[in-house]
Amino acid sequence: MGSNRTLLALASRIKKLRLDRGISQEELAHRSGLSRTGMGLLETGKRWPRLDTLMKVADGLNITVAEWLKGLHKDAKRR
C-alpha cells in the first residue's frame, strides 16, 4: 500500500467524519485548535498530520485516534 493512498484515505476519513457530524471545516479547525487552512490541507491530503495533530483532530471530532484510524488500511487499498 502506497503512502499516498494512505494519506488520501486519512484525508477522506477526516472529511467524512466531519460531514457526518454536520460541522464545517472552519468549526472543526476551531475545535481542534488548528487554522482553517491547516485543516483544509489535511482534508485534501496535501499534508501529513503529526501525532499531536491527529490527537487534536480526534478531540475535535469527539472520537479517539483509534476510532479514526480503524480500518484505514482497507480504505487505502481500495484507492
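Let's start with helices α2 and α3. α2 covers residues 25-32. α3 covers residues 36-43. Their axes come within 8 Å and cross at roughly 110 degrees. An angle from 65 to 115 degrees counts as roughly perpendicular, so α2 and α3 are roughly perpendicular to each other. Keep in mind that this is a predicted model.

Which residues meet where α2 and α3 touch? From α2, we have Q25, E26, L28, A29 and S32. From α3, we have R36, M39, G40 and E43.

Helix α1 covers residues 3-20. The axes of α1 and α3 come within 7 Å, and they cross at roughly 120 degrees.

Look at who is involved. On the α1 side, the residues are A11, I14, K15 and R18. On the α3 side, they are M39, L42 and E43. Sorted by class, this contact has four nonpolar residues, no polar ones and three charged ones.

One residue turns up in both contacts. E43 in α3 meets residues of α1, and E43 is also in the contact of α2 with α3. So let's stop at E43. Is E43 buried or exposed? Its relative accessible area is 9%. Buried means under 20%, so E43 is buried. Setting aside neighbours within four places in sequence, E43 is in contact with A11, I14, K15, R18 and Q25.

Next, the core. Here is a general point: in soluble globular proteins, nonpolar side chains tend to be buried together. In this model, the largest nonpolar core has 16 residues. Which of them touch the most other members? They are I14, L28, M39, V57, L61, I63 and W68. Helices α1, α2, α3 and α4 each supply at least two residues of this core. α4 runs over residues 51-61.

Take L28 from that group. L28 sits in helix α2. Its relative accessible area is 0%, so L28 is buried. Leaving out neighbours within four places in sequence, L28 touches I14, R18, I23, M39, V57, G60 and L61. Pick out I14 from that list. L28 and I14 are 14 residues apart in sequence. In space, their C-alpha atoms are 9.8 Å apart.

Now V57. Again, we do not count residues up to four places away in sequence. V57 touches I14, L28, S32, L34, M39, L42 and W68.

T53 also belongs to helix α4. Its relative accessibility is 13%, so T53 counts as buried. Beyond its neighbours within four places in sequence, T53 is in contact with L34 and L42. V57 touches L34 and L42 too.

Last topic: salt bridges. The general idea is simple. Side chains of opposite charge can pair when their charged atoms come close. How many salt bridges does a search of the whole structure find? It finds four. I'll show you some of them.

Start with D20 and K16. Their side chains meet at 2.8 Å, N to O. Both residues lie in helix α1. They are four residues apart, about one turn of the helix. K16 has a relative accessible area of 48%, so K16 is partly exposed.

Move to α2. R31 forms a salt bridge with E27, and their closest N and O atoms are 3.0 Å apart. Because R31 and E27 are four residues apart in helix α2, about one helical turn separates them. Are these two buried or partly exposed? R31 is at 44% relative accessibility, so R31 counts as partly exposed. E27 is at 31%, so E27 counts as partly exposed as well.

Then there is D52 with R50. Their side chains meet in a salt bridge at 2.7 Å, N to O. D52 has a relative accessible area of 31%, so D52 is partly exposed. R50 comes out at 56%. Exposed means over 50%, so R50 is exposed.

E43 is buried and takes part in the contact with α1 and in the contact with α2.

How values were computed
Residues numbered from 1 in each chain as written. Predicted model: local features only at pLDDT ≥ 70, side-chain atom pairs only at ≥ 80, totals over all residues. Heavy atoms only, no water. Buried < 20%, exposed > 50% of the residue type's maximum accessible area, 1.4 Å probe, protein only. Contact = heavy atoms within 4.5 Å. Axes fitted to C-alpha atoms, helices over the stretch in contact; angles between N-to-C directions. Nonpolar A, V, L, I, M, F, W, Y, C, P; charged D, E, K, R; others polar. Parallel < 35°, antiparallel > 145°, perpendicular 65-115°, else oblique. Core = buried A, V, L, I, M, F, W, Y, C linked by side-chain atoms within 4.5 Å.
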